Amino acid sequence: MALSFDLPENPSFLGDDVIQGVWANPGFGQYFTDHMALANWSEESGWHNDRLTEYSQVSMEPASAVYHYAQEIFEGLKAYRHADGSVWLFRPDANARRFENSAHRLALPVLPPEDFVTSVRQLTALDSRWVPGEEEQSLYLRPFMMAAENFLGVRPAHSVLYTVIASPVGAYFAGGVAPVDIWISRDFSRVATGGTGSAKCGGNYAASLLPQELAYDKGCSQVLFVDAAEKRWIEELGGMNFFMITKDDELVTPELNGNILPGVTRDSILTVAPDLGLKPVERPISVDEVTGGITSGEIRELFACGTAAVITPIGSLKDEDGEYRIDTDKATHTIPLRNHLLDIQYGRVADKHGWMQQVC
Ligand code: COI
């Protein structure tokens, strides 16, 4: 039976002054709305006890398996307030399908995609007061699922907790859409073939933290991961997918090879590219092709994309051998692509792909 995540009978709400204080400077992922969605799963009962409650601590015993073996997955998607005050989700069904694939890879139970969408819609509806309306602002929804069985044996947990929390957010990077410098990591890999690279699981992000710290030390704000076997093929930035634009208006991104997260923003960019005069191409990209292409002028623009930051121009790639700098003043496609996606999300242009779902 489908889960309903019914609204609580007497929800309590924080005052409007608190929300307006958050909207003044939301940052990213620092503040959380009044409520959260929860559901339990057990081997005996399947999915049950779906509910919306006040946002509060989740109590789990120290023996809970997620603390030991990181059997956990998550998603990220956004709700936008349109000019008429209505609130819309962007492609929640795409996140639901990816969550299903991630659950499979982490040996977690599958939450049916329609239940995922219901949970996100219900929480957004209940906490719609928190959806900001300014440019670059939205309500970031974070569904996640974790092993909740108190057991130290290494096997898939027999009980699991699903949760959705919501956070009003502004720009992901403090510098907004300013170009970022990227360090090419060859000493550390994010994933290897057969690993969890295409799943959105916390472990992948944990593995990216040390290389990320080392990139800061090199004056870069992000890391670019290459394949673990040859250290040659570009994969992704850890939290964002990678794109380049050639002088012939090809929009190229590494093909999904099992190591790369199939980003919803990545897919959306590939889909809208022809509308903006770009030819989308998915194929392997080597570091040499990019560094050589920047030097020769063949490659004109680089950017990273994800739900959180949408599209972020890349100003330079750096490694032990040197720095390869893009002339971002001459970039003609990156910002129009970004604006086009934002226009769809904020309801300023027609949603011809049927991506937006109205919540209220
Ligand atoms: C995204 O932009 O979608 C990400 O995955 C980054 C997020 C984990 C903060």
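Mentor: Start with Asp34, which forms a salt bridge with Arg129, the closest N and O atoms being 3.3 Å apart. A salt bridge here is a side-chain nitrogen of Lys or Arg within 4 Å of a carboxyl oxygen of Asp or Glu.
Trainee: Why does the pair tie together parts that are apart in sequence?
Mentor: Asp34 lies in the loop between helix 1 (16-24) and strand 1 (35-42), and Arg129 in the loop between helix 4 (113-126) and strand 6 (138-147), so the pair links parts 95 residues apart in sequence. Helices (H or I, at least four residues) and strands (E, at least two) are DSSP runs, numbered from the N terminus.
Trainee: How many salt bridges does the count come to?
Mentor: The count is 22 salt bridges by this rule. Mind that this is a predicted model: local features need pLDDT of at least 70, side-chain atom pairs count only at pLDDT 80 or more, and totals for chains, interfaces and linings use all residues. Residues are numbered from 1 along each chain as its sequence is written, and side-chain values use heavy atoms, without hydrogens and water.
Trainee: New topic. Which residues surround the ligand?
Mentor: Among them are Phe28, Arg142, Tyr172, Lys200 and Tyr205. Each has a heavy atom within 4 Å of the ligand.
Trainee: What is 2.7 Å from an oxygen atom of the ligand?
Mentor: An N or O atom in the side chain of Lys200. A polar backbone atom of Thr307 is 3.1 Å from a ligand oxygen.

How values were computed
Polar contact = N/O pair within 3.5 Å; in protein donor to acceptor, adjacent residues only side chain to side chain.
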